[in-house]
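Please read the following dialogue alongside the structure shown here.

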Amino acid sequence: MIIIYRIIINIIFLLSPIIIIFRLIKKKEDLKRFKEKFCYFSEKKTFGKLVWFHGASVGELQSIVPLLEILDKDNKIKKILVTSNTLSSSKILQKLNLKKVSHQFFPIDTNFHTNKFIDYWKPSSAFFIDSEIWPNMYLNLKKNNIPIVLLNGRITHKSFSRWRIFLKFSNTIFDNFNLCLTADKKSKKYLSKLGAKKIKFLGNLKYSQSENEKITINKKLKKFIFSKKSWCASSTHYPEEKFCGQVHKQLKKKHKNLLTIIIPRHIDRVDSIENELNKLNLKVHIHSSKNSFKNNTDVYLVDAYGETKSFYNFCKNVFLGGSIVNHGGQNPLEATRYGCSVLHGPNTQNFTEIYNFLNHNKISLKVNNQKQMIYQLDKLLTKKSNSKKIQKKLKLIGHKVLEKTYKEVKLILKDEI
């Protein structure tokens, strides 16, 4: 099976110039740095032991920021390399003021490129975040006796079902892990069935919070939000923005001074979202616009990466997208860490344990349709927020998860640094 995988990944490599050009046009690649994916590195390897973390995109990298902040202060660690696949995630790393942390894009998972990556960076240990499984990279790390850890591991039922089709291959790949630290109990069970050996459930790192998180909303925007009755629809997928626009229209019959903030999961859709909302006769203000705010604005549409938490800090009623459509939901923990009450649709199978916990503690609530959403938002907009109580509870959980994770990471690093 590994031979078939290598044939497929090499075909993808041959097609990669076309893919890269398309992504450059769509502004999903960095014109100066996309070559890193072909192992033309923009940074030089420094002397000393290097610890490597890899996460696919924004969510994965944000989950390890508190851990990176601790490791950055460790005098024994000379360098921390963080890799990811997306342009948006690279921008998140640029905002961190961590002296030892460098970012590069993850290479194409061919046998040639993974070997070249390992030979150049020579990591002392490799930590893969969430559900990042790269067969060639794993096999070549193992060949070089480099410890491999799955950090905050999460295997969905859909992903598990796919790996089960090729069980012998999955056993070959998952057996390479020296340690798996899972985000939920279900993933622990799935990883065991797929061939991973040493597995521990510590809890989800996304409960933890950076001590240095900065709120970047300017004073004028903050004042504008506070002058309104507001709610936020975050990480929305098509056609959830239209759904939220229709909810806004109904709520505005009672709450005249209503502002709906929409933060789409993919900001390259902003133009089409604006057109859709204009068809509903809604007044839309784009976040990047230099125009001043108008008092009759219905929807504030965010077209920037990495600013979601700033809106959570000032808008305490949040609908998490990817849940009305059958996407499986988005992780609600960042919103709840900022004291937000969370509404979500019925499709949250990607984060079942988290939503069960939040529902049990009355921090989140499921809505199945527009009528239920309107009813619940109306209640939230008229009642007093319990955000401080929510924040205190989640901060305690996050601290415990981070502490336990750091202890496990330190044991792995003990013989490496």
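**Charges, rings and strands**

A: The charged end of K116 sits over the ring of Y40, 4.8 Å from its centre. Such a contact is counted if NZ of Lys or CZ of Arg is within 6 Å of the ring centre and within 35 degrees of the ring normal. This is a predicted model, in which local features need pLDDT of at least 70 and side-chain atom pairs count only at pLDDT 80 or more, while totals for chains, interfaces and linings use all residues. Residues are numbered from 1 along each chain as its sequence is written, and side-chain values use heavy atoms, with hydrogens and water left out.

Q: Over the ring of which residue does the charged end of K37 sit?

A: The charged end of K37 sits over the ring of F105, at 5.4 Å from the ring centre.

Q: How many residues of strand β1 are buried?

A: Buried means under 20% relative accessible area, exposed over 50%, and partly exposed in between, with a 1.4 Å probe and protein chains only. Helices (H or I, at least four residues) and strands (E, at least two) are DSSP runs, numbered from the N terminus. In β1, residues 50-54, five of the five residues are buried.

Q: Which residues lie on each face of β1?

A: In a regular strand the side chains alternate between the two faces of the sheet. L50, W52 and H54 lie on one side of β1, and V51 and F53 on the other; all are buried.

Q: In which sense do β1 and β2 pair?

A: Two strands pair if DSSP finds at least two bridges between them. β1 and β2 (residues 79-84) pair in the parallel sense over five bridges, and T83 in β2 is the bridge partner of H54. β1 also runs parallel to β4 (residues 125-129), joined by four bridges; there, W52 has A126 as its bridge partner.

Q: How is an aromatic pair described, and what is the case of F41 and Y120?

A: A pair of aromatic rings is described by the distance of the centres and the angle of the planes. Rings of Phe, Tyr and Trp (its six-membered ring) pair if their centres lie within 6.5 Å; planes under 30 degrees apart count as stacked, over 60 as edge-to-face and the rest as tilted. F41 and Y120 are stacked, 4.5 Å centre to centre with 25° between the planes. F41 lies in the loop between α1 (2-25) and β1, and Y120 in helix α4 (residues 111-121), so the pair ties together parts that are 79 residues apart in sequence.
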